[in-house]
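These are my notebook entries on one structure. I record what I looked up, topic by topic.

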Amino acid sequence: MIINSETLQDLINISVGLFAPLDGFMDSKDYRSVVDDLRLANGTVWTIPITLDSKEMIFDDEIFLKYNNQIVVKVEVEDVYKIKDDDIKKIYGTEDLNHPGVKKELNRGKYRIGGKIILFDQNLKENSLNPLKTKKLFKNYKTIVGFQTRNIPHRAHEYLHRLALEFCDALFINPLVGWKKQGDFSELAVENGYRALIDNYYTNLNVVFDTLKTPMRYAGPKEAIFHAIIRKNLGCTHFIIGRDHAGVGEYYGKYEAQELAKKLQNDLDIKLLLFKEPFFCPKCNQIVSENCCGHSDINRISGTKIRDMLSSGKIPPKEFIRDEVAKEIIQLKDDMFIKE
């Protein structure tokens with residue numbers, strides 16, 4: 001069976017423990033429980049299905065998966081099942097084909113193969129984010145807070161970073177650089193932007209940086225919890241959930257992810273920091289949030305406006321993004337965004 005790069009990355013992430021407690025692709029019991037109840041069959045909180053899809057029913061006890069004409073893994077098949085028509089809406093909250101996660105999911109096979117995996121090529125783990133490695137990096141910190149993003153850093157992100165460092169000993173900036181939709185910032189743009197921010201403004205601070213390779217699902221609240229679980233597995237004690245975490249368009253409420261986080265917090269072995277949206281207040285002359293500023297004349301830090309200005313070679317206002325970050329992104333030119 002031939003697999004694509006995203007399935008290969010799922011295999012690697014399972015193998016290194018990034019998706020613990022999973023040791024393979026979800027069987028029908030775990031899949032059904034996650035979709036319907038946001039938990040694995042054993043009761044552990046888990047919010048995004050991790051599955052191996054197939055266009056047809058199979059009847060083998062084991063299958064071998066090939067990538068680039070090489071067998072990379074064996075799956076010990078536990079069961080094969082067909083997903084339900086309304087599962088996509090349960091996962092994403094919508095069936096709209098304009099939703100990038102929905103569109104991508106509809107292109108997958110309707111059958112799913114559940115079972116433990118055995119990875120043959122151990123070299124595949126070498127360049128992957130590995131909990132054993134990150135936990136060694138974090139060993140000198142009692143508390144470390146994880147920060148998820150798929151975008152370049154702007155001043156609202158920086159506000160959240162600094163606020164989180166008031167709570168925790170260290171900050172783990174961990175941008176997602178797996179599959180993303182057309183028009184999102186490229187892996188190079190995100191990485192270069194963060195390097196510029198860290199090198200110029202976070203010197204001598206307890207800040208760790210590495211990238212996370214896993215597909216972006218754009219599943220909003222459910223993906224926010226999934227992101228928290230991954231960071232817990234990497235050794236984080238805290239995780240930031242801000243405005244419209246993992247959202248896209250207008251599909252999810254501004255703080256819907258935080259509401260789900262409150263419901264599940266007691267069953268997660270990681271503390272969730274729920275921060276309000278930062279914005280620039282001309283009167284206060286600084287980045288603030290509604291919790292510490294009541295002025296009505298404010299400048300929201302718009303990712304869309306920043307993207308439009310950078311794409312045309314213009315440096316956005318200083319209250320939106322640091323000049324050093326903007327210059328790093330602008331010089332990428334045609335490599336700034338993900339193309340189809």
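This is a predicted model: local features need pLDDT of at least 70, side-chain atom pairs count only at pLDDT 80 or more; totals for chains, interfaces and linings use all residues.

**Entry 1**

Is Y218 buried or exposed? I found that Y218 is buried, because its relative accessible area is 0%. I use buried for under 20% relative accessible area, exposed for over 50% and partly exposed for values in between, with a 1.4 Å probe and protein chains only.

Residues are numbered from 1 along each chain as its sequence is written, and side-chain values use heavy atoms, with hydrogens and water left out.

I placed Y218 in the loop between β8 and α8 (221–234). Helices (H or I, at least four residues) and strands (E, at least two) are DSSP runs, numbered from the N terminus. The phi angle of Y218 is near 60°, a positive value in a residue other than glycine.

I then looked up N204, where phi is near 65°, again positive in a residue other than glycine. N204 sits in the loop between α7 and β8 (207–209). N204 counts as exposed because its relative accessibility is 81%.

I also looked at the bond between A20 and P21, which is a cis peptide bond with omega of about 15°. P21 belongs to the loop between α1 and β1 (24–25).

**Entry 1: salt bridges**

How many salt bridges does the rule give? The count comes to 20, where a salt bridge is a side-chain nitrogen of Lys or Arg within 4 Å of a carboxyl oxygen of Asp or Glu.

I looked up D87 and R32, which form a salt bridge with their closest N and O atoms 2.6 Å apart.

D36 is partly exposed, with a relative accessible area of 35%, and K90 counts as partly exposed at 33% relative accessibility.

R150 lies in the loop between β6 (144–147) and α6, and D184 in the loop between β7 (170–173) and α7 (187–201), so the pair ties together parts that are 34 residues apart in sequence. R150 and D184 are both buried. I note that salt bridges with shared partners join R32, D36, D87 and K90 into one network.

I looked up the largest pocket, with a volume of about 960 Å³. Its lining has 34 residues, and those closest to the pocket centre are N151, H154, H157, R243 and D244. On a 1 Å grid over the protein atoms alone, a pocket is an open set of points where a 1.4 Å probe fits, with protein on both sides within 12 Å along at least five of seven lines; lining residues have an atom within 4 Å of a point. A volume is the space filled by probe spheres set on the points, which are joined across faces, edges and corners.

Helices α6 (155–167) and α10 (303–311) each supply at least two residues of this lining. Which element gives the largest share of the lining of the largest pocket? That element is α10, with four residues.

I then turned to the second largest pocket, which has a volume of about 600 Å³. Of its 29 lining residues, N4, E6, D53, K104 and R108 are the closest to the centre. The elements that give two or more residues to this lining are α1 (5–16), β2 (52–54), α3 (87–92) and α4 (100–106).
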